[in-house]
Amino acid sequence: MTKGLITVFGGSGFLGKYVIRELVKEGWRVRVPVRRPHTAQELKVIGNVGQVQLVQANLRFKDSVERAVAGSDAVINLVALLFEEGKQSFENLHVKGAETLAKAAAAQGVTNFVQVSAIGADAESDSDYSRTKAEGERAVRDAVPTADIMRPSIIFGAEDQFFNRFAAMAQLAPALPLMGGGDTTFQPVYVGDVAQAIAKAVGHGTSGKTYELGGPRRYTFKELMQFMLETIDRKRFLVPVPWAAANFMGAIGEISGMAPFVKPFLTRDQVKNLKVDNVVSDDALGFADLDIRLETIEAIVPTYLARFRKYGQFHEKRV
Ligand SMILES: NC(=O)c1ccc[n+]([C@@H]2O[C@H](COP(=O)([O-])OP(=O)(O)OC[C@H]3O[C@@H](n4cnc5c(N)ncnc54)[C@H](OP(=O)(O)O)[C@@H]3O)[C@@H](O)[C@H]2O)c1
């Protein structure tokens, strides 16, 4: 016996796998629409035989979205981009894609809908990422007023693109950049905790709330780099980079990203986002309202960054 069917767009991504795990534990059947099902076969073994189903769909193609949503009891949207690539643009996915999905869900009578956005989503933002995230939130709420919106701060976990990326950089480079001096604050949140929040929201049935999901402590970017270097037991220079120079690095990153198969290491839009503190606002609903206890970076990050130590994870740290 299962509780019903939840369709998870973006289920093949970093957060998606943890969300599927939580839903499967709770006894839901999970449908995962993916662009290339052959690249996501490992998702099937997260559940019992037949509990996780892959279907082909692309958020940019309305017909495929409508087919993917048919028969669902709830829908979760985790699709997003960090940088644009051809038709995979912020406008097409964060706004139009979210709208297409929410309208398809509404047409099926689905009222249980979770839209994953990001802290900093703001219709007035000069960052295209944050502006389109806010426009996506609005488009979803217009179609499904009972949709819950989850806005996480930066998410950490074994496959994250934050600590892993900077630790990999520290393996090769003698110095790491601190954009704008590294004073911007973040509230890193464990991927498993965000997944639990999403699963709880659909479990209760969503009711049009917005949650801001931050971890137990705030850190400046510089503190996070110091923590990462201490964890991997490497000494590196932390070099403050003024915003104008960071912007120039973003432009170089974008040019490098034009080469085939190369992802930009930084974009000017990301630099704009790095200027704004990424923390939970005082009056926001959050984990406490969902009764979830939080993991810390100190407990979790060393379990997956140890591989970046000079002599491997079993080598004693310098004292
Ligand atoms: N990671 C963080 O630190 C963080 C922080 C704040 C908010 N968030 C939000 O959390 C959500 C999940 O983030 P994530 O880190 O898990 O992202 P991710 O790993 O990049 O996953 C993105 C997912 O979107 C799918 N996708 C991309 N284009 C698509 C399209 N045209 N049609 C259908 N699916 C498409 C990808 O599948 P393919 O395999 O097809 O590419 C992938 O499954 C996003 O909304 C993100 O903004 C993340």
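These legends accompany close-up views of a predicted model.

**View A. The second largest pocket and its lining residues.**
About 350 Å³ of space lies in this pocket. Its lining counts 15 residues. Nearest the centre are Phe-83, Glu-84, Glu-254, Thr-267 and Arg-268. By class, the lining holds seven charged, six nonpolar and two polar residues. Helix H9 (residues 268–274) contributes the most to this lining, with three residues.

**View B. The aromatic pair of Phe-162 and Phe-166.**
The model has 11 aromatic pairs. In this one, the ring centres of Phe-162 and Phe-166 are 5.3 Å apart. The planes meet at 70 degrees, over the 60 degree cut-off, so the pair is edge-to-face. Both Phe-162 and Phe-166 are buried.

**View C. Phe-166 paired with Phe-221.**
This aromatic pair is also edge-to-face, with 5.5 Å from centre to centre and 80 degrees between the planes. The pair links distant parts of the chain, 55 residues apart. Phe-166 belongs to helix H5 (residues 163–172), and Phe-221 to helix H7 (residues 221–231). Phe-166 has 13% relative accessibility and therefore counts as buried. Phe-221, at 7%, counts as buried too. The cut-off for buried is under 20%.

**View D. The aromatic cluster around these rings.**
One cluster takes in Phe-156, Phe-162, Phe-163, Phe-166, Phe-186, Tyr-190, Phe-221 and Phe-227. The pairs Phe-162 with Phe-166 and Phe-166 with Phe-221 involve members of this cluster.

**View E. Arg-21 over the ring of Tyr-18.**
The charged end of Arg-21 sits over the Tyr-18 ring. Its distance from the ring centre is 5.0 Å.

Definitions and conventions
Residues numbered from 1 in each chain as written. Predicted model: local features only at pLDDT ≥ 70, side-chain atom pairs only at ≥ 80, totals over all residues. Heavy atoms only, no water. 1 Å grid on protein atoms, 1.4 Å probe; cavity = no way out; pocket = protein on both sides within 12 Å on 5 of 7 lines; lining within 4 Å. Points joined across faces, edges and corners; volume = space filled by probe spheres on them. Helix = DSSP H or I, 4+ residues; strand = E, 2+ residues; numbered from the N terminus. Nonpolar A, V, L, I, M, F, W, Y, C, P; charged D, E, K, R; others polar. Phe/Tyr/Trp six-rings, centres within 6.5 Å; stacked < 30°, edge-to-face > 60°. Buried < 20%, exposed > 50% of the residue type's maximum accessible area, 1.4 Å probe, protein only. Lys NZ or Arg CZ within 6 Å of the ring centre and 35° of its normal.
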